[in-house]
Amino acid sequence: MTPIALLPWSEIRVVLLDMDGTMLDLHFDDVFFRRTVPEAYARKHGIGFERAREIVLTAYQEHRGTLAWYDLDHWSARLGLDIPLLKEEVAHLIRVHPHVLPFLERVRASGRPIHLVTNAHAHSLGMKLARTPIGPYLTSAITSHEVGWAKEQLPFWPLLAQRLGFDPGATVLVDDSEPVLEAASRFGIAHLRQVVNPSSGAPPNPVGRFPAVMDFRDLGLPNGCSRRE
Ligand SMILES: [Mg+2]
């Protein structure tokens, strides 16, 4: 077991949190992209599920790590399916990971701003905020579509810092994507944690170069009274 590296909260003034796989269970997205979309594609084109899955997964590979990959309008047009409507079919799987809400509660009580920073499309973001109780804890929610770059892409981070006005040396980012953490690290975000257990429907990911978080208890908690804005 890797020792847990609790965050040095006295050095942290701003908290950036990813949404899918970090605060929310990635099982929803996995089921949606790997099962719901290929099933709908198979129905539409009168082909078998396996063939449809192959076509859809190949299409996903084309744009991985770019804004287009996260753009529901792109997928609706590319696959000829109403992607937002299909998401409603599996919306009951949208869930907050255990131990996230007490963490949000304590960080908010400490006075630190909490920004949700996601590659998700505005429609997915709206859908997830409407179906989970995380919204009221957030200072803001920003999608990479608003910034113009995906989080894996280097220009995203200085643009985000400019927009939110944070000092990267006093900021923590919690994310389940190693390429995203790499980009944030290269920009200079000082405190980085990787959620290695993003989906309740899959085994944990191997621990990489960033300190691993199995669940939000591994982040530790700030003292309730330290307002440091
Ligand atoms: Mg994620």
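The following dialogue explains how several descriptions of this predicted model are reached.

Biologist: What makes α8 and α9 roughly perpendicular to each other?

Modeller: Helix α8, residues 156-164, and helix α9, residues 178-187, pack at an angle of about 65°. Angles of 65 to 115 degrees count as roughly perpendicular, and therefore α8 and α9 are described in that way. Their axes are 9 Å apart, and the crossing is right-handed.

Biologist: Which residues make the contact between α8 and α9?

Modeller: Helix α8 contributes Phe-156, Trp-157 and Pro-158, while α9 contributes Ala-183, Ala-184 and Phe-187.

Biologist: Why is strand β4 said to be largely enclosed by the rest of the structure?

Modeller: A residue is buried if 20 or more other C-beta atoms lie within 10 Å of its own. Five of the five residues of β4, residues 171-175, are buried, so the strand is largely enclosed. Both faces are covered: Thr-171, Leu-173 and Asp-175 are buried on one side, and Val-172 and Val-174 on the other.

Biologist: How do you know that β4 pairs with β1 and with β5?

Modeller: Pairing requires at least two bridges between two strands. Four bridges join β1, residues 14-17, to β4, and four bridges join β4 to β5, residues 191-195.

Biologist: What makes β3 and β6 the edge strands?

Modeller: The open sheet has six strands in the order β3-β2-β1-β4-β5-β6, with parallel pairing. Strands β3 (140-143) and β6 (212-213) each pair on one side only.

Biologist: Why does Gly-65 count as partly exposed?

Modeller: Gly-65 has 15 C-beta neighbours inside 10 Å. A buried residue needs 20 or more and an exposed one has 12 or fewer, so Gly-65, with 15, counts as partly exposed.

Biologist: Where does Gly-65 lie, and with which residues is Gly-65 in contact, leaving aside its neighbours within four places in sequence?

Modeller: Gly-65 lies in the loop between α2 (49-62) and α3 (72-79). Beyond those sequence neighbours, Gly-65 is in contact with Ala-150, Glu-152 and Pro-179.

Terms used. Residues are numbered from 1 along each chain as its sequence is written. This is a predicted model: local features need pLDDT of at least 70, side-chain atom pairs count only at pLDDT 80 or more; totals for chains, interfaces and linings use all residues. Axes are lines fitted to C-alpha atoms, for helices over the stretch in contact, and angles run from 0 to 180 degrees between N-to-C directions. Helices (H or I, at least four residues) and strands (E, at least two) are DSSP runs, numbered from the N terminus. Angles under 35 degrees count as roughly parallel, over 145 as roughly antiparallel, 65 to 115 as roughly perpendicular and the rest as oblique. A crossing is left-handed if the near helix is turned anticlockwise from the far one by less than a right angle, and right-handed if clockwise. Two residues are in contact if their C-beta atoms, placed from the backbone, lie within 7 Å.
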